Amino acid sequence: MRLYDTYTRSLVELPPPPGPVRMYFCGPTVYARAHIGNARPFVLGMWLRSWLRATGYEARLVHNITDINDKIYDAAPGASAELAARATEWYLRDTADLGLGMPDELPKATETVPEIVRFIEELIAAGHAYASGGDVYFSVASFPDYGRLSGQRPDQVEQGEEPSALKRDPRDFALWKANKPATEDTWWDSPWGRGRPGWHIECSVMAEEIFGPAFEIHGGGLDLVFPHHENEVAQSRALGHPFAQIWAHNGMLRFTGEKMSKSIGNVATIREALDEWGREAVLVFFLTASWRKPIDFSPETMAQATARRDTLRNAFTLEPAADDEARWDAFAQALDDDFDTPAALAILHEWASARRLGLLRRGLAIFGLESLAELERAPADVVELAERRARARAARDFETSDRLRDDLAARGWEMRDEPGGGYTLVRDA
Ligand SMILES: [Zn+2]
């Protein structure tokens with residue numbers, strides 16, 4: 001299997017099964033109900049784990065919870081820890097309701113502070129960081145490869161962080177920040193006084209505490225390449241740790257169409273999307289785009305995803321045809337080649353219209369969609385009517401076709417025509 005890697009800008013082959021494949025995907029900063037865009041790296045990580053395990057890999061997924069952050073202090077002055085705990089619960093519940101299971105570990109920054117302090121001490125001892133006025137900064141000039149992940153020359157690196165008189169170089173970024181009592185109601189003791197870790201060092205340390213200094217895949221949204229991931233690479237590789245082998249950055253979710261604001265105006269969170277369309281349609285929606293490309297979230301794209309879900313599900317009301325196991329290879333090839341879910345989805349649809357229900361069930365299960373196979377089978381006399389109507393339609397005998405449709409409706413079944421002459425049978429609601 002191969003995946004696109006941001007660092008080398010090329011497709012990189014994974015080690016052969018059983019691997020291991022250790023994956024660290026940056027998780028949410030917990031200060032509000034998580035945005036539907038946050039579901040994308042979660043879903044991608046869970047699907048990758050599912051596919052890797054199905055193909056004989058030992059795959060593990062770590063997804064961190066950023067529960068120390070300026071956004072949390074800003075959102076809940078005087079009660080930041082309470083908000084972070086509540087928002088963590090929301091995130092865990094909302095992602096659990098996607099029905100994909102949960103990551104193997106969900107480390108929290110607040111539970112990793114002693115390890116973070118130790119890591120910073122090592123960076124200072126190695127000459128890659130310096131204490132200044134209660135803060136500690138990483139010295140960008142000490143790491144010549146800085147800028148490679150985001151494709152910037154070291155001397156022209158854009159400034160990712162706030163300016164500060166305490167920095168020796170404006171490109172330097174904070175590893176530790178002194179406590180600001182007026183706005184920050186949580187702090188930890190350190191050799192540099194009371195304070196709290198910077199965001200980037202949290203991820204380097206949480207990943208390495210669980211996986212050790214080297215692991216296979218680091219994931220997260222494209223918006224994290226700079227400065228977050230550039231800084232993670234610098235911190236870890238400055239100490240000689242190989243860190244991540246493949247950087248897998250997912251494309252962003254875009255809200256499109258003005259209609260969005262009018263018709264489903266407030267749908268912006270994972271919870272709201274689940275309530276509005278159900279988890280299966282949300283998952284089918286994420287299947288429709290390559291994980292590296294942007295994906296457009298709109299009433300139209302969600303309606304299309306819902307229709308696709310119905311087509312896949314309705315296939316199970318009909319008598320299965322014999323499975324053609326050779327076609328599984330095409331499905332596997334699509335996923336092994338940079339996890340091409342749009343190609344895999346096209347094959348799922350092919351199986352649905354050819355009634356290869358064993359293959360379809362197996363393919364859906366990779367994406368947490370096996371529930372679509374739990375549909376009531378249409379009785380033989382209903383299928384017989386549907387077959388006769390399909391033949392009448394093909395012969396352009398619309399009078400007979402309409403009569404048979406009414407007969408089906410009288411038995412409580414709706415016949416939905418699919419492009420290409422196929423059909424599905426749906427139990428009338
Ligand atoms: Zn991170």
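A residue counts as buried when its relative accessible area is under 20%, as exposed when that area is over 50%, and as partly exposed in between. Keep that handy for these exercises, and remember that the model is predicted.

**Exercise 1. Work out whether Arg196 and its salt-bridge partners Asp70 and Glu184 are buried or partly exposed.**

Step 1: Start with the partners. Arg196 forms a salt bridge with Asp70, and their closest N and O atoms are 2.5 Å apart. Arg196 also pairs with Glu184, this time with 3.2 Å between the closest N and O atoms.

Step 2: Now check accessibility. Arg196 has a relative accessibility of 2%, so it is buried. Glu184 comes out at 3%, so it is buried too. Asp70 has 28%, which makes it partly exposed.

Step 3: Look at where the partners sit. Arg196 is in strand β8 (residues 195-197) and Asp70 is in helix α2 (residues 70-75), so their bridge ties together parts 126 residues apart in sequence. Glu184 belongs to the loop between β7 (173-178) and β8, so its bridge with Arg196 joins parts that are twelve residues apart.

**Exercise 2. Find which residues coordinate the zinc ion, and say what the pair Cys26 and His228 ties together.**

Step 1: List the donors. They are Cys26 and Cys203, each through SG, and His228 through NE2, at 2.1 to 2.2 Å.

Step 2: Read the spacing along the chain, which is C-x176-C-x24-H.

Step 3: Cys26 lies in the loop between β3 (21-25) and α1 (39-54), while His228 is in helix α6 (residues 225-238), so the two tie together parts 202 residues apart in sequence.

Step 4: Apply the cut-off again. Cys26 is buried at 6% relative accessible area, and His228 is buried at 1%.

**Exercise 3. Say how many salt bridges the rule gives, then describe the one between Asp381 and Arg411.**

Step 1: The count comes to 26 salt bridges.

Step 2: Asp381 and Arg411 meet at 3.2 Å, N to O. Asp381 is in helix α14 (residues 380-394) and Arg411 in the loop between α15 (398-410) and β13 (413-417), so their bridge links parts 30 residues apart in sequence.

Step 3: Asp381 has a relative accessible area of 41%, so call it partly exposed. Arg411, at 43%, is partly exposed as well.

Step 4: Finish with a network of salt bridges, which links Glu280, Arg309, Asp310, Arg313, Glu414 and Arg416.

How values were computed. Residues are numbered from 1 along each chain as its sequence is written. This is a predicted model: local features need pLDDT of at least 70, side-chain atom pairs count only at pLDDT 80 or more; totals for chains, interfaces and linings use all residues. Side-chain values use heavy atoms; hydrogens and water are left out. Donors are N, O and S atoms within 2.8 Å of the metal (3.2 Å for Na, K and Ca); water is not among the atoms, so sites may look incomplete. Helices (H or I, at least four residues) and strands (E, at least two) are DSSP runs, numbered from the N terminus. Buried means under 20% relative accessible area, exposed over 50%, partly exposed in between (1.4 Å probe, protein chains only). A salt bridge is a side-chain nitrogen of Lys or Arg within 4 Å of a carboxyl oxygen of Asp or Glu.
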